[in-house]
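The following exercises ask for a close reading of one model, and each is followed by a worked solution.

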Amino acid sequence: MNQPHPNLWHPYSQMRNLNYVPKAKATLGSEITLTNNNILIDGTASWWTACHGYNHPKIIKSMKEQLDLMPHIMFGGLTHKPAEDLASKLINILPNTYDHVFFVDSGSVAVEVSMKMAIQYWVNNKVFTKRKFLSFKDGYHGDTLGAMSVCDPTEGMHTLFKGYMPEQINTELPISKLQKEALKNTLLNNRSEIAAIILEPLVQCAGGFKFHSRETLKFIDDLAKENNILLIADEIATGFGRTGSMFAFEQSQIIPDIVCLGKALTGGAISLAAVVATSNIYNAFLSDNDEDALMHGPTYMANPLACAAANASLDLFETEPRLEQVKNIEKELNTKLIECKNMKSVLDVRVKGALGVIQVKKMHNLNWLRKRFVEEGVWIRPFLDVIYIMPSFTISNAEISKLTESIIKIIPEWECKI
Ligand SMILES: *Cc1c(COP(=O)(O)O)cnc(C)c1O
């Protein structure tokens, strides 16, 4: 019971030490039912995807109808209604500078495509020197090689893959005066080589949930424009309401050249991601020359079943009060997590939208901690130096309390383990 299957290889895990993997059999709302019939309240929305809760009837219905009609068809040379509807819907909810959507199958691939798009934008404009990216410390953009190259160098395991992975420029976010000057100089000195800056707007998620302000974001955008450098907003984690607005970058009123979407795009039902470009980017690929076309095309591009899920998910943002629910979660997390501030192992407690973060001074006994949360009836999965809650927006206040109370109960027990 709870042992990994002998034929399975789990993510981010030292398999020799992985001896506790609860087995899920069903989901509903914010609940995960395990094979032993225990129920866990989910504090992670399945890696930040299930924004409407699990098995939302509207998403299930849309997918079932699509399943009977056409679960998949190639997108090379063919089109279909689910993709057309979804592209229009995305363009409708984004600021009106965006007009084209490129669908892919996962977030990392969206980041890869955004990077290829940026490089080729310059090539098509006859600029051949801009072939590098600038990214920020604590950033995370995915696990494929191009995406890894713009992740935080430590967490992205840059040493391990040195020589195989493209070398990029990684600097600190410009928060202090010193850091602002440093970024200014780095851009000035490398502007002829940098194709784009890539960042996670307002919250760097997998790098430890570090927040930055809308002013910082605006500062970066201004510098990018001054130096003739594109800006890629990786909204894969922050998109679709998580930080309180539909997209995080909207809070600083900037217009990134390229936006990557994923995770909650289908409401957590199935994998789908998208790269959205401004007309300026798109137009750079229009010419009489076939070589100027964007050369990318995943086999399952714009999968109709996934598009059907995403269409239903976006409709739910219109018909149900998601952003108000996010506001309520923010308020609940703020009042309920404040108690952790005084705990001796806690460094910081911070909340933004439907995201609550407890940063500890030093992580230890991680496997014990993860198991203890499951015993307590919640699915909370600490990593690095954070214990966080990123629930579905439909979670009830009672369920939020169950999550926060388990944290308040378990941290002092965990402190005694050291
Ligand atoms: C999760 C994530 C990715 C990678 O998405 P996958 O679907 O796991 O490939 C990229 N960028 C950010 C900001 C993410 O949170």
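**Exercise 1.** How many Å from an oxygen atom of the ligand does a polar side-chain atom of Lys263 lie?

**Solution.** This is a predicted model, in which local features need pLDDT of at least 70 and side-chain atom pairs count only at pLDDT 80 or more, while totals for chains, interfaces and linings use all residues. Residues are numbered from 1 along each chain as its sequence is written, and side-chain values use heavy atoms, with hydrogens and water left out. The Lys263 side chain places a polar atom 2.6 Å from a ligand oxygen, a polar contact being a pair of N or O atoms within 3.5 Å. Of the ligand's 380 Å² exposed when taken alone, the protein buries 82% (accessible areas by the Shrake-Rupley method with a 1.4 Å probe).

**Exercise 2.** Describe the surroundings of the ligand by residue class.

**Solution.** Residues around the ligand, including Trp48, Tyr140, Glu200 and Asp234, have a heavy atom within 4 Å of it. By class, this shell comprises four nonpolar, five polar and three charged residues, where Gly counts as polar and Asp, Glu, Lys and Arg as charged.

**Exercise 3.** At roughly what angle do the axes of helix 2 and helix 9 cross?

**Solution.** The axes of helix 2 (residues 57-69) and helix 9 (residues 304-319) cross at roughly 150 degrees and come within 8 Å, the axes being lines fitted to C-alpha atoms over the stretch in contact, with angles from 0 to 180 degrees between N-to-C directions. Helix 2 is therefore roughly antiparallel to helix 9, a term for angles over 145 degrees.

Methods:
Polar contact = N/O pair within 3.5 Å; in protein donor to acceptor, adjacent residues only side chain to side chain. Helix = DSSP H or I, 4+ residues; strand = E, 2+ residues; numbered from the N terminus. Parallel < 35°, antiparallel > 145°, perpendicular 65-115°, else oblique.
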